[in-house]
Amino acid sequence: MNDLSNAPQGEPASDQPVRQRKPDWIRVKAPTSKTYGATRDLMRELNLNTVCEEAACPNIGECWSKKHATVMILGDVCTRACAFCNVKTGMPRAVDAAEPEHVAEAAAKLGLEHIVITSVDRDDLRDGGASQFVKVIEALRRTTPATTIEILTPDFRNKMQGAVEAIVAAGPDVYNHNLETVPRLYPTIRPGARYYASLRLLEEVKRHSPTVFTKSGIMLGLGEQRLEVHQVMDDMRCAGIDFLTMGQYLRPTPKHTEVVEFVTPKAFGAYGAIARAKGFLQVAASPLTRSSYHAGDDFRQMREAREAQLLKTAR
Ligand code: SF4
């Protein structure tokens, strides 16, 4: 449960009790639109995986109806087994050499102004899959040069330096890597990863390119305490992270870790206000927020916020 004894005045005195039935604010409409079907067909035709489907994202109806799909490269089998994630675990197949061109073709056909690319963890590959990210960015720059590119990468365990250097040199507009939860919960929720290694990755991205926007996110409702969330925000700011996302953890299947609580929209609002006060350029905090939810609009707002900040400093 959240540490509610520290609730500032005006914030909810208590979040919702433990329950597995989804509250009303989580319910979403079933996807029905024609555009949804066309987005799905295009992904199939180009043999592309999406995190929208693999992670059973609740926003798929809304996002695909606007042609917003988050492509998941490097296959649909992950070498990790995080307690919250719906992606299959096992021995992945060989890397698809045609994938970078297929991603670029999808971006062109969908007419995307902003694209989000993520991947499974590929601990089996010597570079963790970094060179595939580079090829995808290069293919996108060739085919749809006006599309802004956001990448959401794994932690590249034991190969982080080379991976970050290569990917940042390819020039994405936004580099995202999710911390997912507070450090205390890592052994149960994200056992294959290390909190400080993930933070360092984001710090390294900024060191290599101070102008790239960095982004990270956490899920709420896994048993984190309020002050732990505040500490994560401070750690992120120390690492120079520009954009924080916070959303409700939803249990994909009964085999996955339980929801400890459904955090109310009001509590999300309070967390969002605190994050803004801590100096993030952009904050997205709501039960249905996901890393890539409304990513294009948020990117534009973040870019404007930086421009306004630079103008202020120049005066
Ligand atoms: S929020 Fe992200 S993962 Fe979910 S459907 Fe939208 S684009 Fe896909």
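Which helices each supply at least two residues of the shell around the ligand? They are α2 (51–54) and α3 (60–65), where helices are DSSP runs of H or I with at least four residues and strands are runs of E with at least two, numbered from the N terminus.

A word on the model first. It is predicted, with local features needing pLDDT of at least 70 and side-chain atom pairs counting only at pLDDT 80 or more, while totals for chains, interfaces and linings use all residues. Residues are numbered from 1 along each chain as its sequence is written.

Around the ligand sit Val51, Cys52, Cys57, Asn59, Ile60, Cys63, His68, Ala69, Thr70, Arg290, Ser292 and Tyr293 (near means a C-beta atom, placed from the backbone, within 6 Å).

Now the sheet: eight strands form an open, mixed one in the order β1-β2-β5-β6-β7-β8-β9-β10; strands pair if DSSP finds at least two bridges between them. β1 (49–50) and β10 (282–285) are at the edges with a single partner strand each, so one side of each lacks a neighbour in the sheet. Inside it, β7 (residues 174–176) runs parallel to β8 (residues 213–220) over three bridges, and Val174 has Phe213 in β8 as its bridge partner.

Then there's a helix pair. The axes of α5 (residues 130–143) and α6 (residues 160–170) come within 9 Å and cross at roughly 0°; axes are lines fitted to C-alpha atoms over the stretch in contact, with angles from 0 to 180 degrees between N-to-C directions. Contact means C-beta atoms, placed from the backbone, within 7 Å.

| Helix | Residues that meet the other helix |
|---|---|
| α5 | Ala130, Ser131, Phe133, Val134, Ile137, Glu138 |
| α6 | Gly162, Ala163, Ala166, Ile167, Ala170 |

Technical notes: Contact = placed C-beta atoms within 7 Å.
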